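User: I have a two-chain model open and want to go through it. Can you take my questions as they come?

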Amino acid sequence: MAAQIFSAIFVIIIGVGGCVAYFWGANRLLDLIFPSRGVSGAAAINNLRRQGYVRPWLFVGPALIILAIYLIYPVVATLWLSFFDRGGTSFVGLANYEWAVGDHDLRNSIFNNLLWLAVVPAACTFLGLIIAVLTDKIWWGTIAKSLIFLPLAISFVGASVIWKFIYEYRGEGQVQIGLLNAIIQYFGGQPQVWISLPFWNNFFLMVILIWIQTGFAMVILSSALRGIPEETLEAAVIDGANPFQIFWKIMVPQIWGTIAVVWTTITILVLKVFDIVLTMTNGQWNTQVLANLMFDWMFRGGGDFGRGATIAIIIMIAVIPIMVWNIRQANKETGGH
Amino acid sequence: MATKTGKSFIGRFGVHIAVLVFVAIWTIPTLGILVSSLRDKDQIVASGWWNSFASSSQSEAGRLPGASAKTQKDGKYVIEGNIFGDGPKREISAFGVKSSAPTQYKAGSVADLNDGVTLQMNADGSFVLSSPKPFEGDRGQRVYYASSAPPKFTTENYQTVLFSEGIGRSFMNSLTVTIPATVIPILIAAFAAYALAWMRFPGRALLIAVIIGLLVVPLQMSLIPLLRLYNGVGAFFGVPSKTYLGIWLAHTGFGLPFAIYLLRSYIAGLPREIMESARIDGASDFEIFVKIVLPLSFPVLASFAIFQFLWVWNDLLVAMVFLGTGPDQIVLTAKLNALLGSRGGKWEILTTSAFITIIVPLFVFFSLQRYFVRGLLAGSVKGG
């Protein structure tokens, strides 16, 4: 263990030192090859121009190499692998996609993913917005926001344990140590095994993600609400608008762009949701989702890379519209710079 | 906020209540595992954690010793002893001899069991069974009693989990993964961000677009090719394919688009005058970056560092693919997931382990919340 800590520290020093050495050294080398000082005026200008061509690539070079290896190459390779068999060696054409269309588990996963997509972003955004508006009106709002924000720091696995404890089931009549069943039993209801309850169990898993992500929506929307010009709100009050009208007709339309950002961010997260399903049910009782199914195929019986890659492609296809929208949005913003 | 809503007393009161309810829902689950992790492991299963400050009471049944344990006293046959034997003592509030009336007699009172047989049971569990006739048979009298134990808090669970369940070791593994994976991307991203913000070169706009596109590419797209690549590299050089170096680089790669995006938008917003006056003074891009841009960018570097730290610490997927499951490599999230399988239902272990895994993020989060929120506001397109 000591060796492990030592090697971690060593790597930090080597990594950071290496980066510094690279950037400094490459820059120095460039100055040596194309000197701009101590040469004639024309040559100096010429060399400065050449430096100008090369230097940006020295700066972005390491990032580009890492991005190429860890993101760009894999995207292409995953697409490629989705046309190959389980070992990734022989070409099978569209066989994996044909399998995908007919596979029951996969269809079930897509259905569940759609359910997640319909519920989680909407619930997070809505709850986040309500909490943001309410906490803005009270003196202890900052503390309240901190506490609601807190689950965002908790890992999905940790959150799953927390909620599994809440959903814990004991037979009827026994002492319930799970909070939810204790409440149900207190009011005379039947304790339930929540995570295997057909169909509804999906929602009990979604609650975990909503619990984590509402704080995110709240913080972003809260700052957008602060940006609303006060005159518009005052004018609405003078015109006799009630609180609900102010909320729906004055506030919400003005922060529509931020709501869209929050919504899409959570949508992407939902498409990738994996840890919660793995730890709560591992896809049993019809709670499978694409990301967990893909992980399953990656390692099932030594791993089926073709089918795994195909599922990854399906997730990717769902993300592409958001990706295009983001790039357009960013181009609009940076167009002038 | 200047909204003039909720001015009435009821309206304001309603807002306080509503926020209080939200805060309760968002904190009680975490409180539950914190409280449970500090409870005695027998009490966790005996009562809900919300009752942990009350004595936990339960109904039990036991059997008194048989005829062989009798003694003779004052012409009567007597069996004496303690119902708890050598086990942990609890406090008895009531007892009975019929399953239909398990708490018929108060502790300390004498119960008349017909034919002159009497049973006295005290709060500490000691009992006296006496009879005018000799006892018969080896099976003793069946008794029922309601007992309670005072609340008991302990750090024993933490000792168990840290030292015998392997969580302590996993904690070190998580640190080993997280710190380099947080530090390495920062400098690489900062240089790239500066070039993309302030240097003119062909292909710059395309690069920015690619990086923004990569922000949302699901991790799942990278896993299989990288797993194959790592296996190939491992086999080619005869080294293990699951190494800390491998996961450091993987986390660096996955974190880079967000890092570059976040840093670029901040660095691009730095005042142009500062850059230009430095350039007129003869400073090169390298000098401008090191002496002006880096110091000015401290807040955004801190934001990214917190993000990356939390992301890597809380990650399960990358760790499960690129690291082994042996004790020398398994990180906290993966260990917790494994414990859910092997120790399912042992809540003293699960709650304690879960609390240990979340304590570092919570600490980072509370101490550096300002930077965290700033980063969140600047870069809310990645989504975890």
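User: Of the 337 residues of chain A, what percentage count as buried?

Analyst: 42% of the 337 residues of chain A count as buried. A residue is buried if 20 or more other C-beta atoms, placed from the backbone, lie within 10 Å of its own; 12 or fewer makes it exposed, and in between it is partly exposed. This is a predicted model, where local features need pLDDT of at least 70 and side-chain atom pairs count only at pLDDT 80 or more, while totals for chains, interfaces and linings use all residues. Residues are numbered from 1 along each chain as its sequence is written, with chains lettered from A and ligands numbered from 1 in the order in which they are written.

User: How many helices and strands in chain A?

Analyst: Chain A has 14 helices and zero strands. Both are DSSP runs, numbered from the N terminus: helices are H or I with at least four residues, strands are E with at least two. Chain A is more spread out than a compact globule, because its radius of gyration is 27 Å, well over the 20 Å that the globule rule gives for 337 residues. That radius is taken over C-alpha atoms, and the rule is 2.2 Å times the number of residues to the power 0.38.

User: Which domains does the assignment give for chain A?

Analyst: Domain 1 covers 2-81 and domain 2 covers 96-334; the bounds come from an automatic or database domain assignment. Taken over C-alpha atoms, the centres of the two domains of chain A are 40 Å apart.

User: Switching to H5 of chain A. Which residues are buried there?

Analyst: In helix H5 (residues 141-149) of chain A, the buried ones are A:Ala144, A:Lys145, A:Ile148 and A:Phe149. They sit on the same side of H5(A), because they cover an arc of only 130° around the axis. The arc is that of the directions from the helix axis to the C-beta atoms.

User: And what covers them?

Analyst: The cover includes helix H4 (104-135) and helix H8 (200-226) of chain A, together with helix H1 (9-37) of chain B.

User: How many residues does each chain put into the contact?

Analyst: Chain A contributes 98 residues and chain B 94 residues. Two residues are in contact if their C-beta atoms, placed from the backbone, lie within 7 Å. On the chain A side, helix H2 (residues 41-81) gives the largest share, 17 residues.

User: What about chain B, how many helices and strands?

Analyst: Chain B comes to 14 helices and nine strands. Its C-alpha trace spans about 115 × 75 × 30 Å along the principal axes. Of its 384 residues, 43% count as buried.
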